[in-house]
Amino acid sequence: MNIENNKYVSEFHAKSEVFRELMAYEVKEILLISSLYNMYNMEEDGSLTSKIINEYNGMNLCHPPSVSGVSSVKQALSLLNTKKFDMVLIVPNLEEIDVFSLGQKIKSINKDLPVIIIYPSIREIYALPGNCCQNSIDNTYIWSGDSDLFIALIKNAEDHCNVEQDTKRGNVRVLILVEDSPDYYSFFLPIIYKEIVKQTQALLAISLTDNLKLLTMQARPKVLLAKNYEEATRLYEKYRSFLLCVISDTRFPRNGEIDPEAGITLLSRIKNENPNVPLLLMSSESENKKKSKKIPSVFIDKNSSTLSQDIHAFFQSHLGFGDFVFCLPDKKEIDRAANLLQFDEKLPKIPKASIAYHADRDHFSNWLMARFEIDLAIKFRAVKSADFSCTDELRQFIISNINELRKKRQRGIVSKFNKYHFDPTVREFVKIGQGSMGGKGRGLAFMSGLLSQHGELQKNNSSINIKIPKTLVICTDIFDAFVDVNNLHTFSGLEFSDDEIRKGFLNAPLPDWLIEDLKAYLKKVNYPLAVRSSNHLEDASFSPSAGLYKTYKIPNNHTSLSVRLDHLIKAIKLVYASIYYKDAKLFYLNGSNQLFYNSMAVIVQEIAGDHYGEHFYPAISGVAQSYNFYPFSHIKPEDGVVHFALGLGKTVVEGEKSLRFSPRYPNIIPELSTVETILQHTQHSFYALRMNTDFNIHPDLNLEKREVNDAKNEFPIKTLASTYNHEEHRIRDTWHTPGSKVLTFAQILKYNAPPISELLTDLLEFGSKSFGIPVEIEFSINLYPEKNRKNDFFFLQIRPMVIEEKQFKIDITEQEINHGVCFSSHALGNGINEDMADIIYVKPNDFRAESTIQMADEINRLNEQLIQQKRPYLLVGPGRWGSLDRWLGIPVKWRNISGAGAIIELRNESINADPSQGSHFFHNITSLGVHYITVDEILNASSAISNDFFDWEWIESLPSVSETLFLRHVRLEKPLMMKINGRNSQCVMTRAG
């Protein structure tokens, strides 16, 4: 039989919202009315409130109630008129009035207020006249000195109030206890509640979040007490669809008289109508055991010396509490599973006879029911072994559903790492520590949760799996303790070199407990790892930073666990150290952030990609932005922009050659308009992780820069490359012809296979709406040769983009443009700057592309001088500032230009590179408010639609302050007037009048 794999009734997050509304009624305030003597007896070992609080804490229950004790009836009635109470407990032997008359007075004040009598002895109840408490007392209990009774009577009162709504809204289970003797139900109820709480605590230990722990507690079964046949029948009929089990006495009232077989009649009816519900018959008459077998039900003798243990055994064996015990049909035990992880691992090895035995007796269903996995329990209960063509088909049905359940439970959830329960196939996002997850961690966790709650994104892009890479976050509190214990704060000053800081951090030990957790993590994880920073301010909307800290990629494939652990520990320490490196200090000092308050989380993340010989890399890495600072053709800024590259993302984020396009218009790509531009602008090399390398303290040395044509037979290039035919001077959109391979990504951009552009458009729109501002997404894509396998899209990072506010209007006049020394139609920012009287520019006639590294050194020296003099300056030069590829621009780092007030990027014949908006360098300078201006001299020279210019004749006429081989530093008598209109991206610079 082919069993359809239906969706569960509701997704986990939808359930979470429902569970929050469960247990709406809680007992928060209790009034205890008792003589001073009885109150003393009850509080001999501490106050009643303290006892209840201790019991609540010991059982992981929330919100313990407060108890107000009075010994005077007058005081009690006065309090009831002035204060809201949820329950009244009365201990008999009051001087002024009998308890039943007091109950009537209390009901006259509040008829819905539960009034409960606690007797110290059963003899006092037997001496009472019949029906004396029918209207004024809700329940009576026998207290033998065990404070567990108070928890049970409180919870039972709450359960009776909440059960109707909780079953309707949360599908929670119901346990019915039928017992008319106050002595026995006062004994049974605490035992039952303890069993339920123990089971719940076992579930809480499996690394759930604090929020989910609370939800799990609220979803526990409700316990309902019935004292006669009619009440038991009414509860059964009302909650028959939600029954966990029925526990019944044998002899109790029926039609107003004691019926010695009322329990047998009740359970027989339930078994006939609902054969899968576990039943327990209890009796102090041992001959009733034979009658229980005819029902059939489990039997427990009330006279047993091991009564508590017998009830515990019933919960374990018949309700699925505790381990799942795999047995053969002869009931011989063959294995055990303590949790869903072990159950999933062991099921493939269990004999066929055992699988069929348990399935046919609803043991799988009962065990899941006890774990509050109601939907799947009902699904398993609906099928038996005969519904399948063979036992292996049944086994696979169970395994696939359990596996999907475990994944759904964790999807979008950040769990606490537990070395005993960690399973990377299910727990995709875990954390160690109690502190912040930092900027990157928060962004990933936020998107993980949103993606799990918004299934329409996956549904609308069904041909691609949208994923967050498997992630472990080491929270900021661990960094803080590591720095404090090892006195690493001494490296906060600017006088320390990066090498000194690096050595200091590597020599400092991590705590032993963390190393043990990391070892347990690596035992389950054998894929390549990226160890990344997640600074507590990183990617914050008010001051995002990107690429300031180090990322280490490690193969994680050594045969020795200790070697892999050593690599991971070193990588974590070096990421920690990078917060104290000079670039990071200068960046935050420039942004007026207090360095000493910086903290760092570390993300240990699965690297997206696949193995290709001795290398590992994804088919595509990229950066997508929902706002395009440099739109082209009829594309609008709001249409967004994407930078694509083969291999690891270093190509894009370091500003090397990548393909730029708008995801809304993937066919409009100026760089691919002619054969010449394709050959000039497409990517010729890419980065891959070397899998046969040892750890290196320099992160880039684990990577290899490979030529595209050297890897032309590897699947990603076969899929993404076109072929250049030299003889025909023609490019064909296929790999399967002779010639040089050229990365045009034609299959994706022209033929929409797979539809990545549509997915990126959806994700950018979704991210922007979720953040409330434009966003930038880093991603990787795995493409697979198997036709029946979906490709994978991995979210690596999401952060807000900083776009200056444009509420105030800046007007730029034609006269200012005509008399200006510089004009740009592609400027970032908004406002007026009159602080720059110094200009450093690259001398056009001396520029040599092969000497850009030397130029960066010269800029660094001049930058340090002007910082000391506190003189912000204008920096002018060709190509992409901050590009790692020295042939595309000058490879400066932040420290080299940290004193610049504005930067001009020239596009001219020296370097004709696309604007650098996809790089980390570009992201950071714009986030700090450094104005970035692009002057396109090529378009101006070709008489295209552009009026951009820079007045070289004027600047060369100025006297030099200093001059190097490639640079010239000039100083004006009065600062430049720079105006930027953020509404139309225009910028003009004029000389002071």
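Residues are numbered from 1 along each chain as its sequence is written, and side-chain values use heavy atoms, with hydrogens and water left out. In this predicted model, local features need pLDDT of at least 70 and side-chain atom pairs count only at pLDDT 80 or more, whereas totals for chains, interfaces and linings use all residues.

**Exercise 1. Confidence**

Task: State the mean pLDDT of the protein chain, and examine residues 592-596 and 940-944.

Solution: 
1. pLDDT is the predictor's confidence in each residue, from 0 to 100. Its mean over the protein chain is 85, and 87% of the residues reach 70 or more.
2. Over residues 592-596 the value stays under 50; the model has 7 contacts (heavy atoms within 4.5 Å) for them beyond four places in sequence.
3. Residues 940-944 also stay under 50, with 4 such contacts.
4. Where pLDDT is low, the predicted coordinates should not be read in detail.

**Exercise 2. Nonpolar cores**

Task: Describe the largest nonpolar core and the surroundings of I247.

Solution: 
1. A nonpolar core is a set of buried Ala, Val, Leu, Ile, Met, Phe, Trp, Tyr and Cys residues joined through side-chain atoms within 4.5 Å; buried means under 20% relative accessible area (1.4 Å probe, protein chains only).
2. The largest such core has 66 residues, and L153, L177, I247, F343 and I398 have the most contacts inside it.
3. Helix α8 (residues 182-204) gives the most to this core, with 7 residues. Helices are DSSP runs of H or I with at least four residues, and strands are runs of E with at least two, numbered from the N terminus.
4. Beyond its neighbours within four places in sequence, I247 is in contact with residues including L175, L177, I192, L280 and F314.
5. A second, separate core of 52 residues includes A624, L646, L759 and F795.

**Exercise 3. Strand β44**

Task: Identify the pairing partners of β44.

Solution: 
1. In β44 (residues 977-981), 4 of the 5 residues are buried.
2. Strands pair if DSSP finds at least two bridges between them. Strand β36 (residues 831-833) runs antiparallel to β44, joined by 3 bridges; I832 stands opposite K979.
3. Strand β45 (residues 986-990) pairs with β44 in the antiparallel sense over 5 bridges, and M989 is the bridge partner of M978.
4. β44 and β45 form a hairpin with 4 residues between them, where S985 has a positive phi of about 65°.

**Exercise 4. Cysteines**

Solution: 
1. A disulfide is a pair of cysteine sulfur atoms within 2.5 Å; the whole structure has 0.
2. C822 is buried, with a relative accessible area of 0%.

How values were computed:
Buried means under 20% relative accessible area, exposed over 50%, partly exposed in between (1.4 Å probe, protein chains only).
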